Amino acid sequence: MPNGGTGSNMESTMHQRTETDGLERMLQLLTIGLAVLSAFLVDWGRGRAAFSPALLVTSLTAFYVTDTRRWIQLPRAVVGILTLGVVFPMAQGFLRYDTAAQLTEIGRLLTVWISVFFFQAKSPRIYGSLIVLSLLMVVVASILNDGLVFALLLIVFQFGGLLSLILLYVHSGQIALRSRFAAAVGAGRAGADRASRLADRLLGKPILAYQEPSSLPDRGRMWDRGLIVHLLGMVCATIVFTAAFFFAVPRIGAGGWRAMRERPHPSVGLGSAIEFRQFEKILSNDELVLRLAFSDARTGAPLPAMLGPVYLQGRALPFYDVDARGHVTWRSYSHGEGAAFSELPRSTAEPVRTDFLFEPTGDPSLVFISAPASGPGTPGDLRYDRHSGRLVRPRSDDLSMGTPYRYSLYSDGFRSRSQMPVMPVRNHNRRTGETEYQLGPQEKAGLLEFDRARFPRLAQTARALIEEGRTETNRIFKGRALQNHLKDARVFHYTLDLESIEAVRHPELDPIEDFVANHHTGHCAYFASALAMMLRSVGIPARVVIGFLDGEYNGLGNYYQFRQNDAHAWVEMYLEPDQVPEGPTAAAVSPGGAAWYRLDPTPPADDALVGAEGARNIDKLLDFAQLLWKDYVLDMNAARQNASGIFSPPGERAGLLERTPFLGPVWSAMRSWWKERIVPFLAAWRREGFWNWRGGVVASVLAALVFALAAAARFAARSGRAFWSGDGRRGRAAGPRIEFYERLERILRHHGWVRRPTQTQREFAREASAAFHEGHGDASVDALRRIIDAFYRVRFGGATLSDTESREIDGAVDSVRAHVASRPR
Amino acid sequence: MLNGLRIPMPTREGLYFVSVLLFVMGGAVARELNLLIVLAGMMIGPLVFHARMVLLALRRLSVSRRLPRRIQAGESLHVRIGIANGRRQLGAWLLRARDRITYRNGQGDGGIPPTAVDVAVPLVEPAGETWVSYRAHLTRRGLYEFGPITVSTRFPLGLLECSRRFDARQELIVCPRLGRMTAEWDRLTQGGPTGTQAALARQGLTEDEFHGLREWRPGDSRRWVHWRTSARLSTLSVKQFERKRHRSLALLLDLRMPARPTETDRVRLELVVSIAATALTDIARQGLARVTLAIAGARPGCWSGAASPRFVDELIDRLAAVEGGSGATLAEAARMLVERWPGGAPGVVLSTRPMPADAFGSVNRSAPAELFGGAAGTAVEARRLDRVTWIDAGRRDLDRFFQWSHGPVDRA
């Protein structure tokens, strides 16, 4: 009998216990790590740390007071009450929020649950629950995140999760072994206590069997190098599998990634007005705004880095304004609907295609190379607003969902990989449907607005410069002369330190007048404003343009990336048709058309920081990886699957169901029923709050669905088990395979006797026996009886035939075979 | 199923995991969330490789068991299970070998369900073999079948379980518990109820066994003098012989059980079987006698032969599996017994019931031949049956003949 109390057994059991403690300790720490990491991933997606610090503190506290010291161990009932208790208040708030905030609420709920579970005495069930809850946190994080770093952290989580599952499995196995041994010890003791009764000694439980923990071979050998290598291989193989799975899963819709960000969208400063103070903030922000790549529009060949600076236009701002506090604002025309823009003329010398990938933003404004044209890859719903000089995409829900936006535009503004300063005026008139190549008088008047009383020194300086340069007849020369004056680094200085400007400013003067006349210090918006005003002062229509300049070229991926601090302001000077210069730039302008001439008066920054080359290369590498991530993971949809040549996913065949003869009408009816009845019902329920009769209906339907799903899952699990193991319903009907009986049925079937489904084997045998009798096959009848008896003994009695019996039965089957073969068919 | 290998099935934890996976997949499809598809892939991947690993772990295993042929009821049994790994690269971690022990006491499973015992196997190294063991306590005599052995594993994640069944069937005979026979039993079986001790004729010298040498004493026969030793020691030494006693025995077990036996009935049956087994073991230890055993149980039977250890083992094997019957076979068993009665041997009936006739309550009183339903065909046979001693397992003074090793027999 197992006594469990002998010295060696106790010692070995204690030894096992110590080993298990070490294992369990590792499991505890790993579980904590998983929970904190999952909370961190949610925080990463939300853009602020809230859950992970809280969970870190809670879990470490629980580790000390619950797992190590065992001072506090919440009873299961208390944990149940607490976990249920927090659901209701959160559920009520949950319904009031939008999707992103709802996810935050789920994250909060999971954090609370995990925290509560940590304070419970740990059992394999609790560890399993903690792992599942952490996994659910990662599910939430997956909806909130979109970065490559998240994917890398996901791999870390996966490795930790797999390791914790392994440890949990080993730990549960140890516990099961100990409990079985303890049960055997208990049974042994109870048996020994009862053994004073002769009856118990002789007729007690006949079999008591158990494995002693001490009988296990050295468990330390289990964690050998082979196992670790195998597990690492499993993780690597999983990553490969995940990649294959990801690309192979057919996408249904046209949408790709929908990151539900809760954090504010980055501001790119492309709004209808821009304040100087706002510009300062933008220039201090290094958040990524967009990436673009140039290619030859004819051949599709990618173009390497451009030779000169690249200007991306965001918006044209013709109206200057200063408020009472001296804050300068440039405003654009009020937004129009805009119009589609035409394609490039076939005669274009060097058409360049630009592929943009715009980061999520709440603003529908996009950037473009001046005088954009459409072509393959240009979204059909893009509009160009000639008045505000901006490119817009239709405002939709996608914007609030943080969708990166892809679009392609075409331009004839490059010659020999250099962006030309002269760009044609090319506006599509929605009313007439024609393309206009000049500005109207009203527009030109707006570009000449200038208050000489506010800018006396500025106007004087401009006039002096013009006179000095003797460039009265040529606008381009005039503009360049003024530009060069402002660009003179000996006089004007670039700075983002507006406080230093405020310190020397004369508040009674217009800020631009003050800039030109006195302090000569400012950022690009100061320089552009000054030049625009100077041009206007000498009668040249001009406007300030904001956009981006000179993003960083990434040679790995052959693309440019622009950040917020690449935002820039410059000036566009209007050239009448007769003033458009001839030469290389003339081809871009239609005959008789006007043009814009770009002037950039901003001198280079004195304090421009140039990072170490190595660090920059690493940055480029990471950015390229991020781009690939976006390209091939986040934006993978049905169209891209098709375009990538993976296969034509079902999304491409959308509408197939509707076209099916019989299912089509049913499907359409169901869809319309859903849209017309259910969706409004749910919307009303959500509008009116949770606690009303609609909530009751929804809760009832959900509960019924849950029960139905649970029942279906249970049925499926049982059926599956039965099917594969042969022990379930299928097993009851057909039983385990009994070869000799199956052989008998085959023989009889071959000769026309087939057992009916409602017939038992014995009934079937009786029927066959009757036929045998008719043919005087008494020996075969006896053989048949012996076979059926043996079948019933084996099938239902669990008996096993000895070799002799098996031989006899085989002989009986042969006898039946011989008999039926001799019968006429 | 391939060679007993079953496809991996999800465990309870695996079902939870699959539920979360379905939830993730549902979310990914419903909202077109690519990162959720990535997450789903990262969940499916481990499942796939988990399934592959559990299948590989069991594919080239072989299992064996080491088991004695017979043990005595109540003895601790040490069962060793060996698992050999035929793969050269991949080990098999955290296996569970489930051995099945089925109690078959002659007429099937006796209504007792099989017992499964789980044995954990931490690691079977590539091209290696690991032996693990478990203890079993088999309290009842009978025939036990071991096997099949089902080896399963959930390694590494515990989400899927795959099992493989190895036939590996073996039988173990659990002999009846043994006690010890008392001197009273010896007197009963040597002397017989009517002075058979005296009837034992002295046999010739050649039938006695040489025991040793001793000094000559007055009265010793001169034929016993060992002259060579006497010459060497210069004193007369004689050979000493030990008389070989012929302890033949005719034993009849009357294993009558009512249609619905009570616990007392079953204990009496076990007592009878244990007494018979102990008596036979004693006889085998002393050797060179003949023994005839007749059993009137569920099936009548009679075996007779020289009481060699091998023959006695055979008898004890039969006793291990013997079942009680209605009592209708007593006459037939008695008839078989008298046919093979060893000459001059005393006869003893070990019975689960008292002798039916009131007049024969005492130990040394014989049972009447009529009791056996006319089994005696001749006068000699009738005389033999007349001298048979009837020992009832329910009698109060049973410990006069038989005791358990640890003390007197408890009354059933």
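The model is predicted. The contact draws on 71 residues of chain A and 61 residues of chain B. Strand E7 (residues 129-138) of chain B pairs with E1(A), and E7(B) also pairs with strand E4 (residues 76-85) of chain B.

**The side of chain A that touches chain B**

- Seven elements of chain A are listed here as supplying at least two residues each: helix H6 (124-144), helix H7 (148-194), helix H8 (198-203), strand E1 (207-210), helix H9 (225-248), helix H18 (613-634) and helix H22 (693-725).
- H7(A) gives the most to this side, with 13 residues.
- By residue class, this side of chain A comprises 44 nonpolar, 18 polar and nine charged residues.

**Strand pairing between the chains**

- Strands of a sheet pair through backbone hydrogen bonds, either parallel or antiparallel.
- E1(A) and E7(B) are paired in the antiparallel sense, over four bridges.
- Within this region, A:Ile207 stands opposite B:Leu138, a residue of E7(B).

**E7(B) within chain B**

- E7(B) pairs with E4(B) in the antiparallel sense over nine bridges.
- B:Glu129 in E7(B) is the bridge partner of B:Ala84.
- E7(B) is mostly covered, with seven of its 10 residues buried.

**Helix H2 of chain B**

- Helix H2 of chain B covers residues 34-59 and has 26 residues.
- From its first C-alpha to its last, H2(B) reaches 37 Å, close to the 38 Å expected at 1.5 Å a residue.
- H2(B) is mostly covered: 19 of its 26 residues are buried.
- An α-helix has 3.6 residues a turn, so residues three or four places apart point the same way.

**A three-stranded sheet in chain A**

- Three strands of chain A form an open sheet in the order E8-E10-E9, with antiparallel pairing.
- Strand E8 (365-366) and strand E9 (383-385) of chain A are the edge strands, each pairing on one side only.
- E9(A) pairs with strand E10 (residues 390-392) of chain A in the antiparallel sense, over three bridges.
- In E10(A), A:Leu391 is the bridge partner of A:Tyr384.

Notes
Residues are numbered from 1 along each chain as its sequence is written. Chains are lettered from A and ligands numbered from 1 in the order in which they are written. This is a predicted model: local features need pLDDT of at least 70, side-chain atom pairs count only at pLDDT 80 or more; totals for chains, interfaces and linings use all residues. Two residues are in contact if their C-beta atoms, placed from the backbone, lie within 7 Å. Ala, Val, Leu, Ile, Met, Phe, Trp, Tyr, Cys and Pro count as nonpolar, Asp, Glu, Lys and Arg as charged, and the others, Gly among them, as polar. Two strands pair if DSSP finds at least two bridges between them. The expected span of a helix is 1.5 Å times one less than its number of residues. A residue is buried if 20 or more other C-beta atoms lie within 10 Å of its own, exposed if 12 or fewer, and partly exposed in between; C-beta atoms are placed from the backbone.
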